[in-house]
Structure formats: C-alpha cells, structure tokens
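Please find below some notes on the model. They are numbered by topic and can be read in any order.

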Amino acid sequence: MNKKISQGKKLRKAIIENVPLQIVGTVNAYSSLLAEKKGHKAIYLSGGGVAASSMGIPDLGITTLQDVLIDVGRITDVCRLPLIVDADTGWGGAFNISRMVKSMISSGAACIHIEDQVEQKRCGHRPNKELVSATEMQNRIKAAVDAKTDSDFMIMARTDAIANEGLNSALDRAISYVEAGADAIFTEAVTEIDQYKKFSENLNVPILANITEFGKTPLFSKKELKEAGIDMILYPLSAFRAMSKAAEEVYSEILEKGTQESLIDKMQTRDELYEVLDYHTFEKKLDDLFNE
C-alpha cells in the first residue's frame, strides 16, 4: 500500500461525500479487507480491540504505542481505506504525543483520536472514569497538531465528560478542544439523541457518534443520527463481537460433538477466503516466476 498518499485527505473527502460516514471497526488486516470489499469507505482500529484481540488483555491503558502501531501497519499494508486509530490518552506527555502522531502518519493512518481521561484510563462506557482538566487536554491537542507532518491528517478530540460532568461541561470542553486545533469531536457515552444535536449546533467541525453495543449509548439509527447533525457513525467492535461469539460456538461444537460438520453452512468457504485475499493472483505470480 502506498503510504505516501495523504490518508487524511482521503478521510476528509469520505466525510464530505458520505453524510453521515459509517465507520466500522476492523481488529486486524483480514477484517479490514472484508470491510473494503463490502463497500465501506473508512475503517477504525479500536484500542479495546487491540487489547482484546491482539493482546488478550482488558482495555485499561495497558497497551503501548508500539502494540497499536503493529496492527496499524498490518492493516494499512493491505487495505486502501482511510483508517482512524484510537490513541487513548496519547501514551505520555507532549513529546510522546508528538512521536505518536508522526508514527501514525508514517504507518499510514488517516486520523487519531485522543481523549481527556487520565493516563490510567478506562473504557468510556465503564464507571469511575477520571478526567484531566480541560487545559491539560488542550495541551495534548496542541502537541498533536504541532507534530503533524501531513496537514490533512486529522486530530480528533474525544471527551468523556458527559458521564462525569454533564452535557454543558462536555460541550464547553469540546469547544475549547476545537479552539486548540482539533479537527473533529468524538463525544463519548451519549445517552440521548438531543445531546448530539447540541454538539452539532455549537460546533463547526465533524462530530462522531460512537454506536457501540452493550454500553450507555442507545443503538441510534443512521437516519436518527443524520437528523441530529452527526457526520460520522462509529461501530468500533460490532464485527469483533460477532466473530468472537461465532468462534465460541465452533470451539464448543467441536469439543462436545467431536465434529464441526453441522456448522459448515456458517463458515466462509475456502473459495470465498481466496477471493478476499486475491490468492490466485499471488499463486500465478509464483508460476510466472519459477515455471518459465
């Protein structure tokens, strides 16, 4: 994949052309290919997804920048879609944030979002979250913006303040984050559709709605969110949850029945796998190289 092409520019174009832009989570390179072949226009790498899928650990700020970059690189090596990456709290102070942004750009990401929780963060839909001050978050954003080596690369600011401080405080924070240079706003743990409308009415940057399952936010439809003025809709772990549930079923069936035969109709076939991977083109290349 040519990482010299501005992925940020591709994402900005997708946001303008798809109102709202639906963004699906892809926890690895193969799922990114599945999303691309199904016609999606942008993809997302979740911090919780990296923690669970790649590391087998909880989403509690345990993963490092390098852990995430490994997955970013694998995805952008094979997938042309612009990738938004969860950068948690930035993995440190100003210089760490600067290094993170430069690394994300060189690894082929289109956008990162950085949040206003303390470094020992929690999932945005869990209790007992702690926030840094608005000033400290503004400084995180300024460090991220200053580090951009591609002016089109997007810095998205996530605020977790609704759950802790209420709507008005979250909105005030978001406004200050835009003033600090944020290109977009991600407001977490929204419970009412009118809360999105407030953000849309008071901000002039794209706004993302996180429609994750089993959290505080209802599963608002694309139509509802469009009417509320939302520009991007995120489904961060929908496919991963389904994949994991399906895997559990397969593992149980094999253990209990001694065969997977009854599940064959639920499986992707070998031919379907090969089509996604463009397997036969690779095989033909080998034939051309070594069977002359």
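Is Asp-183 buried or exposed? Asp-183 is buried, at 17% relative accessibility; buried means under 20% relative accessible area, exposed over 50%, and partly exposed in between (1.4 Å probe, protein chains only).

1. Basis. This is a predicted model, in which local features need pLDDT of at least 70 and side-chain atom pairs count only at pLDDT 80 or more, while totals for chains, interfaces and linings use all residues. Residues are numbered from 1 along each chain as its sequence is written, and side-chain values use heavy atoms, with hydrogens and water left out.

2. Salt bridge of Asp-183. Asp-183 pairs with Lys-148, with 3.4 Å between the closest N and O atoms. Lys-148 sits in the loop between H6 and strand E5 (154-159), and Asp-183 in the loop between helix H8 (167-179) and strand E6 (184-187), so the bridge ties together parts 35 residues apart in sequence. Helices (H or I, at least four residues) and strands (E, at least two) are DSSP runs, numbered from the N terminus. A salt bridge is a side-chain nitrogen of Lys or Arg within 4 Å of a carboxyl oxygen of Asp or Glu. Both residues belong to a salt-bridge network that links Lys-9, Arg-12, Lys-148, Asp-152 and Asp-183.

3. Salt bridges within helices. The whole structure contains 19 salt bridges. One of them joins Glu-17 and Lys-13, with the closest N and O atoms 2.9 Å apart. These two are four residues apart in helix H1 (residues 7-17), so about one helical turn separates them. Glu-17 is exposed at 52% relative accessibility, and Lys-13 is partly exposed at 48%. Lys-257 and Glu-253 also form a salt bridge, at 3.3 Å from N to O; both are in helix H11 (residues 238-257), four residues apart. Lys-257 is exposed, at 56%, whereas Glu-253 is buried, at 12%.

4. Aromatic pairs. There are two in the whole structure. The rings of Tyr-196 and Phe-220 are edge-to-face, because their planes are at 80°, with the centres 6.2 Å apart. Tyr-196 is in helix H9 (residues 193-202), and Phe-220 is in the loop between strand E7 (207-210) and helix H10 (222-227), 24 residues apart. Both residues are buried. Tyr-274 and Tyr-279 are stacked, with 4.0 Å between centres and 10° between planes. For these terms, rings of Phe, Tyr and Trp (its six-membered ring) pair if their centres lie within 6.5 Å; planes under 30 degrees apart count as stacked, over 60 as edge-to-face and the rest as tilted. Tyr-274 is buried at 17%, and Tyr-279 is partly exposed at 31%.

5. His-113 is in strand E4 (residues 111-115) and is buried, with a relative accessible area of 0%. Not counting residues up to four places away in sequence, its contacts (heavy atoms within 4.5 Å) include Asp-88, Arg-158 and Phe-186. Arg-158 lies over the face of Phe-186, 5.4 Å from the ring centre; the criterion is NZ of Lys or CZ of Arg within 6 Å of the ring centre and within 35 degrees of the ring normal.

6. Asp-88. This residue is in the loop between strand E3 (83-86) and helix H5 (94-106), and is buried at 4%. Beyond its neighbours within four places in sequence, Asp-88 is in contact with Thr-63, His-113, Ile-114, Glu-115 and Lys-121. Asp-88 and Thr-63 are 25 residues apart in sequence, with 9.5 Å from C-alpha to C-alpha.
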